[in-house]
Amino acid sequence: MENELKVPTMAELFAAGEQPEVLFWVGCAGSFDDRAKKITKAFVKILNKAAVKFAVLGTEESCTGDPAKRAGNEFLFQMQAVTNIEVLNGYGIKKVVTACPHCFNTIKNEYPGLGGDYEVVHHTQFLKQLLTEGRISMEGGQFRGKRITFHDPCYLGRANNVYEAPRDLIRKLDAELVEMKSCKSRGLCCGAGGAQMFKEPEKGSKDINIERTEQALETQPEIIAAGCPFCNTMMTDGVKNKEKESSVAVMDIAELIATAEDL
Amino acid sequence: MGYLPNIVFAIILIIGIGYFTRNIQKLSRNIKLGKDVDTSDDKAQRWSNMLRIAFGQSKMVVRPIPGILHIIVYLGFVIINLEVLEIIIDGLFGTHRIFAFLGSGYDVLIASFEVLAALVIVAVVVFWIRRNIIKLKRFLNPEMKGWPKTDANWILYIEFVLMLLFLTMNAADLQLQQMDVAHYTKAGAFPISQFIAPLFQEMSISSIIIVERVAWWLHISGILMFLNYLYYSKHLHILLAFPNTYYGKVKPKGQFENLEAVTNEVKLMMDPSADPFAAPDENAPVPEKFGASDVQDLNWVQLLNAYTCTECGRCTSECPANQTGKKLSPRKIMMDTRDRLEEVGKNIDANKGQFVADGKQLLGDYISQEELWACTTCNACVEACPVSIDPLSIIMDMRQYLVMEQSAAPSDLNNMMGNIENNGAPWPFNQMDRLNWSKES
């Protein structure tokens, strides 16, 4: 870790009269959750390496309002949205990238109706684009031949039809991509969406993340890849519950790439 | 006396179609109890959805076995109905096989009807076995007890009998043709019923004519009865699947509507020039109720969804909450919505066109809070539905009512929302610490 992370804020860029190529929307999990912070850092390392001119909002960022909206509190959601849009529009933001599919979906689909129009991409789409443009190169290296299964986040896959970007990146690692029995448009939820992350589940026979982890483990993976900080938490808990944490890792796509690149 | 059959036929036809029209009017009245919603956007996408999903059955084949069997029954329904046209003309004018002038084209038509009819019988039998012998899980959920189960089987029995009558009618006809009986013009090819026809060989001509006539009359009366059964059955999907796929969601599945009533409130709150002490305008409309607690609070597309549901249970079998033993079943959400809407409709009928409060509502009396809070909003149910029903939108509307009108969220969620309000994050972290991660090693 000799290289310190370069994380410019919008306020700094703005003061210098500059515009970033893209705004990195970190999200609440990416900012505060210990596990998700690692994903944030991995993504920033890649951005730094590729010399992408980006910025974060830092302390000016606030929850997109997704969990409030999905919990039924439209009022709180719109308060959050309108405040965030004011900040984003104030800085003249054109393009947003985020590592959280919930932030991605909300800003991309629900902000335009409230005055926030941006090009919004998920970090796997952005990384794919960097790769296509030759701004990052990927060597399989330590992931060559490893069995990796990808868990589709609902708000990336079904909600927005993004299925291939994360898979293309995994294939680029020369890893063996193995699919679960329910994947892509039929992928099973990890159990965190719709504000479930923040409450106890209703009475049932099993927790959803356990069910999904079992499906993932059926593929005999060495790594369960995720593209969402909440899925990551749910799957990590599931793997621990199955006492497989020594043989199966749960990693974000950004972490896979950062590790492959030795960042 | 010669015109008696024609008159009887005309009367049956008028009663059948008249009753059906009445049912459709009632259906349309009930659907219009829902709130208005703008569906004028993206017409090209809507037509393409209807062509692909309803006409093309694209979602059905996701599960290949029932998918292919369903396509057979669907094609049977669409194509064999061409025959109904001929039956109606023959019935009204006393002709026999009026389309026979098509010659070899007619042979092809009749032959394909026959093959389809036989395939429909096979499909219907397999469907029956799946429901009653194999007992597939998705047909056994609690909401399928009673009428829904009976309804599903009745549909299969009716289709079975109708196809059998069709083939019997053709077989007797073929036998009569071969015996050169007057009125029974030699027309049509009968690849299936030619194997049934020999059964009539020993019978007298008049007996065979009776068999042919009885089968003919029962077939057409059966079809008219079936038409009128639709309104009371999940089988209504054969008609409503088409409008429903047209009016189904065309936006990304993850995009939930932004409530306009809330937007207005929020704008007012954020407007620095708004006078917080201003007296409300006397003519201002009563503030809109947030969310939904009963069917009238839903929009008409959601109500159309409820009538379109054919209770196949693909939504429920894909639902993560249902798969892990929670009470939530998206199919039940749709069935409850339809049942409540029917109850409201009957209430209006009984009270001279006015709804009289009955002390009941969709929320609580039909759908429990426990079901609503078990949803992960993952859209698996929406994706699974072969006719573009959106159970999730109803769940969300009811959550909105619970939270914004009743403050009845689970306490964990209240904590989460309190945190967002105070700290801008669902957890109790200070917004000023949002960038700390960049300095941690």
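**Labels and what backs them**

Me: Why is A:E18 called exposed?

Reply: A:E18 has 12 other C-beta atoms within 10 Å. The cut-off for exposed is 12 or fewer, so A:E18 counts as exposed. The model is a predicted one. A:E18 sits in the loop between helix 1 (10–15) and strand 1 (22–25) of chain A. In sequence A:E18 and A:K53 are 35 residues apart, and their C-alpha atoms are 9.9 Å apart in space.

Me: What makes A:Q220 exposed?

Reply: Around A:Q220 there are 11 other C-beta atoms within 10 Å. Exposed requires 12 or fewer, therefore A:Q220 is exposed. A:Q220 belongs to the loop between helix 9 (208–217) and strand 7 (223–226) of chain A.

Me: What is noted about the phi of A:Q220?

Reply: The phi of A:Q220 is positive, about 55°, although A:Q220 is not a glycine. Most residues other than glycine have a negative phi.

Me: Which residue of chain B has a positive phi although it is not a glycine, and how do you know whether it is buried or exposed?

Reply: B:K352 has a positive phi of about 50°. B:K352 has 7 other C-beta atoms within 10 Å; exposed means 12 or fewer, so B:K352 is exposed. The loop that holds B:K352 runs between helix 12 (330–350) and helix 13 (362–365) of chain B.

Me: What makes strand 3 and strand 4 of chain A a pair?

Reply: Pairing needs at least two bridges, and strand 3 (residues 95–98) and strand 4 (residues 119–122) of chain A have 4 bridges, so they pair, in the parallel sense. A:V97 stands opposite A:V121 in strand 4 of chain A. From strand 3 the chain passes through helix 6 of chain A to strand 4, and this β-α-β crossover is right-handed.

Me: How do you know that strand 1 of chain A pairs with strand 3 of chain A?

Reply: Strand 1 and strand 3 of chain A share 3 bridges in the parallel sense. At least two are needed, so the two strands pair. A:F24 has A:V97 in strand 3 of chain A as its bridge partner.

Me: Which residues of helix 9 of chain A are buried, and what do the buried residues pack against?

Reply: A:I208, A:N209, A:E211, A:R212, A:T213 and A:A216 are buried in helix 9 of chain A. The buried residues of this helix pack against strand 5 (147–150), strand 7 and helix 10 (229–241) of chain A, together with helix 11 (320–323) of chain B.

Me: Which residues have the most contacts inside the largest nonpolar core?

Reply: They are A:I46, A:A225, A:M235, A:A254, A:I257 and B:M398, in a core of 149 residues. Helix 16 (residues 391–405) of chain B gives the largest share of this core, 9 residues. Leaving out residues up to four places away in sequence, A:A225 touches A:I148, A:T149, A:F150, A:H151, A:I170, A:M251, A:I253 and A:L256.

Me: How is chain A divided into domains, and how many residues are in contact between them?

Reply: Chain A has domain 1 (10–129) and domain 2 (137–260). Their centres, taken over C-alpha atoms, are 22 Å apart. In the contact, 26 residues of domain 1 meet 26 residues of domain 2. On the side of domain 1 that touches domain 2, helix 3 of chain A supplies the largest share, 8 residues. By class that side has 13 nonpolar, 7 polar and 6 charged residues.

Me: How many residues does the contact take from chain A and from chain B?

Reply: The contact takes 58 residues from chain A and 56 residues from chain B. Helices of chain B that each supply at least two residues to the side touching chain A include helix 8 (260–270), helix 11 and helix 16. The residues on that side of chain B divide into 30 nonpolar, 16 polar and 10 charged.

How values were computed: Residues are numbered from 1 along each chain as its sequence is written. Chains are lettered from A and ligands numbered from 1 in the order in which they are written. This is a predicted model: local features need pLDDT of at least 70, side-chain atom pairs count only at pLDDT 80 or more; totals for chains, interfaces and linings use all residues. A residue is buried if 20 or more other C-beta atoms lie within 10 Å of its own, exposed if 12 or fewer, and partly exposed in between; C-beta atoms are placed from the backbone. Domain bounds come from an automatic or database domain assignment. Two residues are in contact if their C-beta atoms, placed from the backbone, lie within 7 Å. Ala, Val, Leu, Ile, Met, Phe, Trp, Tyr, Cys and Pro count as nonpolar, Asp, Glu, Lys and Arg as charged, and the others, Gly among them, as polar. A crossover is right-handed if, with the strands pointing away from the viewer, the path from the first strand over the helix to the second runs clockwise. A nonpolar core is a set of buried Ala, Val, Leu, Ile, Met, Phe, Trp, Tyr and Cys residues joined through C-beta atoms within 7 Å.
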